[in-house]
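Hello,

Here is the structure I promised to pass on. Have a look at it first, and my notes follow below.

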Amino acid sequence: MPSRSTLLDDRAIARALTRMASELVERCHGTADVVLVGIQRRGVELAQRLARLVEAQEGKPLPCGKLDITLYRDDLQAVGARPVIGETDLPFDLDDRTVVIVDDVLYTGRTIRAALDELADFGRPRRILLCVLVDRGGRELPIQPDIVGVRQETAGRDRVDVLVRELDGRDAVELARAEG
Amino acid sequence: MSPATLGKDLVGLETLSAAQILLLLDTAERFKEVSERPIKKVPALRGKTIVNLFFEASTRTRISFEFAEKRLSADTVNVASSGSSVSKGETLVDTARNLEAMRIDMVVIRHHASGSAEFLGNRIRSNVINAGDGKHEHPTQGLLDLLTLRDRFGKLEGLKVAICGDVTHSRVARSNIWGLKKLGAEVAVCGPPSLVPREIGQLGVEVMTRIEDAIAWADALNVLRLQLERMTAGFIPSLREYNRVFGVTRERLARAPKDLVIMHPGPMNRGVEIDSDVADGEHSVILPQVTNGVAVRMAALYLLAGGSPDWQHQGGSE
C-alpha cells in the first residue's frame, strides 16, 4: 500500500498562489505585456486563478491562454494508443510579450520542453518564465522554474496529485509514496 | 477511462463503433485549431512516410489528405495510376508491397473497386486509410459530414438527414448512413428508383421518391453528385429532366417548414442536382465541409499512427 500525505491543503494552496502572484508581478516589473499560458489540464485552472489574484493586486487583468502539448510530445511514437488532445487557445499575439507558462507539477521537464517548442511556432516572445505549483525534482532536461509554490523531492515511483476545485471538487496537493 | 482506439486501418464507418466515431470527431475538433495557427504544422507525425495511392481522379480528397499529412509533419508521396507502373499492369498488392519495401508507414488509397482498401489492409503491414473504394465507402467524407452537421446543430442524435440523388453509385451515401445511424440520427434517402438500390431500406433508412417529401421532412439535405462517369446507360432520361424533378432549387426549399442546412460532397453539377443559388446560399455548408475535411483527416492519421500492437502481418512474403 502506498502511503498518502497532503503536501498542501486548500488554505496552503491559496497562500502559495497569492505569493506566486506577487512574485510574478515583481519578476515581470508590473503587468505590461505579460500573458499567462496554462498547460492542459490543471495548469489552465491555476493560470486563471493567478490571473484573478494579479488583477486583485494590480487592478489590471492578465490575458490568459491554454496550451495542449500532446502533439509536441517526444514520446508520441512510443506510446501505443494516441492520447486525447486538449484544447489550445492562445487568444493573443506572443511577439514581444512576456509569457508566463503555468503548470501544476514540474518533474522531468519534458512537458515544458514541448511547450517551449510549441510556443515558438506561435510567435517570438521577448521572454518566457516558468511558474509551477509543485517542483518534485527528477529533471531529465536542463529546465528550471522561476516561480514555485512548493519544492518536494520525490522518487520516480511516487505520485504527486494536484487537485483543483474546478475539476476535482477540492483544492489539495497530495503525495502518494511508493512502498520500499 | 481508457479511450477507444481505431485499430490498424480505416476502411469504413460500418465497422466502427459509435465510440470510435466520436473519438474521431472529438479529435478532429482539436485539429481544426491547428489549421488556424500562424504556423499550420505540428510535429506529431514527424518521420512517418505516407503514400497517397490514387487510382481514380480526385482533387479535393487528395489535396485534403496531403494538407492533413503535411500539417502533421509527415513525409508524403503521391502516386497516381497514370504515369506509374500500375498502367503497366502491376497488381495493387505488388504496388503496395514495393512501396513497403521502401519503408513506408501508411497508405491512403482511392480505388474503383469496392473492398479494395480492406483487401489491401489485410495484406500489408502499413496502416491503410480508405479514400473511397468504388461504391462501397468514403469514411473520411462521412466523418466530415458528421462533423459539419454537429457543428451546425450541436448534436446528431434525433437529427433528420435526407441523402438525395444518386444513391446507387455513392460511397458517400453509405458512409453517411452508417455514421449517422450509429450516432442516433434519422436518415432518409431520396432519388429516382433507378438510382436508389432496392435493398437500401435494410440499412434502416426511409426511402422517399419525391424530393418535396424529403425537403418537408429533413433538417439537413446531403445532395449527392450525379455520377455521370459511373453511369453506363439509361439511369435518367436527361440532365434537364433530372433537375426538373429532383433538383434542389430555391423554390422547392422555400416551401419547407424550416430552413434546411445544405451539404454537397463535391464536385457539384450546378444546375443538375443543385442550383447555384442554393449551393451559394446562406444555409449552404459546402465550404465548411471542405475545411472540416482537413481536420477529420488529420484526426484519422493521428489516431491510426498509434497502431495496433496485436496486429499480425498476414500475407507477407518473407
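Let me start with the two chains: chain B and chain A bury about 1600 Å² between them, 61% of it on carbon and sulfur atoms. Buried area here is the accessible area (1.4 Å probe) that two parts lose on being put together, summed over both. On the chain B side, Arg30(B), Arg37(B) and Tyr302(B) lose the most area to chain A, together 35% of what that side buries.

Before going further, please note that this is a predicted model, in which local features need pLDDT of at least 70 and side-chain atom pairs count only at pLDDT 80 or more, while totals for chains, interfaces and linings use all residues. Residues are numbered from 1 along each chain as its sequence is written, chains are lettered from A and ligands numbered from 1 in the order in which they are written, and side-chain values use heavy atoms, with hydrogens and water left out.

Back to the chain contact (heavy atoms within 4.5 Å): 20 residues of chain B and 17 residues of chain A take part. One salt bridge is counted between the chains, a salt bridge being a side-chain nitrogen of Lys or Arg within 4 Å of a carboxyl oxygen of Asp or Glu. Arg37(B) pairs in a salt bridge with Glu118(A), with 2.9 Å between the closest N and O atoms.

Chain B itself is assigned domain 1 (18–138 + 290–304) and domain 2 (139–289), with bounds from an automatic or database domain assignment. The contact between them draws 29 residues from domain 1 of chain B and 31 residues from domain 2 of chain B. The centres of these two domains, taken over C-alpha atoms, are 25 Å apart. Together the domains bury about 2400 Å², 57% of it on carbon and sulfur atoms. Leu25(B), Lys135(B) and His138(B) supply 26% of the area that domain 1 of chain B buries against domain 2 of chain B, more than any other three residues.

Four salt bridges are counted between domain 1 and domain 2 of chain B. As for Glu29(B), this residue forms a salt bridge with Arg150(B), where the closest N and O atoms are 3.9 Å apart.

Leaving out residues up to four places away in sequence, Gly115(B) touches Asp133(B) and His136(B).

Best wishes
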